[in-house]
Amino acid sequence: MLLNCVIIEDENHAIELLTDHIQNMPNLHLLKVYSQPIIALAEITEEDHIDILFMDINMPGISGMDLAKILRPKARFLIFTTAYHQYAVEAFELEADQYIIKPVTFPKFTVAIEKIIRKIGKAPVQPVAKSEIFIKTGVMNKIIKVSPEEVIYLEARDNYIIVHTDKDSIITYLTLKEALHTLNQLNNLVQVQKSFVIARNKIEMIEGNLIIMVKGTQIPIGNTYKKSFFDYVKNNTVVSARIKPPKPQ
């Protein structure tokens, strides 16, 4: 589950803080940032498929409250981030899901996101899996069709990623999170390092902290991702119920 996020905030330090928080949450993807609420009002549409809208209240041109009256139907969840307590009642009348008082510390942020994830868990929406996806490459006017089940791993480079498949390696100017969101239709991809996302069904072998993929590519597991990855491996490993191996005859 990857949730698309949009920030509407006129203070640069608040934008930077929210951006860092979003990037530190593996299930969040920052779709757009608006420092001018009037531009957000003009550009945001339902086609953006916004899951979480983070919005300040005291902004120039139009207040967050007035903006929310228009944009609320275009976002699945609304979180106000503000320095003011007095707007809380009005915020929840606008069907805000969370109201965070600044400074938006990471603990406050994670609590708000966990509450939203619990809401989603109570009413899960199953996306329709796509059998094929078109990826725009680094070559002008060249677009390649990719089947999600053919993906072996994604590799992040400087300002682009490489999508390695059974057939080819495709360079595309996406972020790793954007590619993960697009290609993970079968919920098969998992991040194992800052620069690598792998397809679990393409793992051939695990040796210590090395994952060996089909075609022999070796990918080291990053410290941040070790626990979740090895929990997955443990839950899917066949183990004998015998305490001791049989003695030789």
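Predicted model: local features only at pLDDT ≥ 70, side-chain atom pairs only at ≥ 80, totals over all residues.
Biologist: Let's turn to the aromatic rings. How many aromatic pairs does the structure hold?

Modeller: There are 8 aromatic pairs. One of them is formed by Phe54 and Phe109.

Biologist: What makes the pair of Phe54 and Phe109 a stacked one?

Modeller: A pair of rings is described by the distance of the centres and the angle of the planes. Here the centres of Phe54 and Phe109 are 5.5 Å apart, and a pair needs them within 6.5 Å.

Biologist: Where in the chain do the two partners sit?

Modeller: Phe54 belongs to strand 3 (residues 50–55) and Phe109 to helix 5 (residues 106–122). They are 55 residues apart, and the pair links distant parts of the chain. Both Phe54 and Phe109 are buried. Together with Phe106, they form one aromatic cluster.

Biologist: Why is the pair of Tyr153 and Phe196 called tilted?

Modeller: Their ring centres lie 6.0 Å apart, with the planes at 40°. Stacked needs an angle under 30 degrees and edge-to-face one over 60, and the rest count as tilted.

Biologist: How do you know whether Tyr153 is buried or exposed?

Modeller: The relative accessibility of Tyr153 is 7%. Buried means under 20%, so Tyr153 counts as buried. Phe196 has a relative accessible area of 15%, so by the same cut-off Phe196 is buried as well.

Biologist: Why is Ala156 called partly exposed?

Modeller: Ala156, which lies in strand 8, has a relative accessible area of 21%. Under 20% would be buried and over 50% exposed, so 21% falls in between and Ala156 is partly exposed.

Biologist: What does Ala156 stand opposite, and what is it in contact with?

Modeller: Ala156 stands opposite Ile161 in strand 9. Leaving aside neighbours within four places in sequence, Ala156 is in contact with Ile161, Leu176 and Ser195. Its C-alpha atom is 9.9 Å from that of Tyr173, 17 residues apart along the chain.

Biologist: How do you know that strands 8 and 9 pair?

Modeller: Pairing takes at least two bridges, and 5 bridges join strand 8 to strand 9, so these strands pair. They run antiparallel, and a hairpin joins them through 4 residues. On to strand 10 (residues 169–172): 4 bridges join strand 9 to it, again antiparallel. Ile162 stands opposite Ile171 in strand 10, and the hairpin between strands 9 and 10 has 3 residues.

Biologist: What makes strand 9 mostly covered?

Modeller: In strand 9 (residues 161–165), 5 of 5 residues are buried. In a regular strand the side chains alternate between the two faces of the sheet. For strand 9, both faces are covered: Ile161, Val163 and Thr165 are buried on one side, Ile162 and His164 on the other.

Biologist: How do you know that the buried residues of helix 3 share a side?

Modeller: The buried residues of helix 3 (residues 64–71) include Gly64, Met65, Leu67, Ala68 and Leu71. They cover an arc of only 160° around the axis, so they lie on the same side of helix 3. Their cover includes strand 1, helix 2, strand 3, strand 4 and helix 4.

Biologist: Lastly, why is His29 called buried?

Modeller: His29, in strand 2 (residues 28–34), has a relative accessible area of 6%, which is under 20%, so His29 is buried. A polar contact of 2.9 Å joins its side chain to that of Asn4. Beyond neighbours within four places in sequence, the contacts of His29 include Leu2, Cys5, Ile22 and Glu178.

Terms used. Residues numbered from 1 in each chain as written. Heavy atoms only, no water. Helix = DSSP H or I, 4+ residues; strand = E, 2+ residues; numbered from the N terminus. Buried < 20%, exposed > 50% of the residue type's maximum accessible area, 1.4 Å probe, protein only. Polar contact = N/O pair within 3.5 Å; in protein donor to acceptor, adjacent residues only side chain to side chain. Contact = heavy atoms within 4.5 Å. Arc of directions from axis to C-beta.
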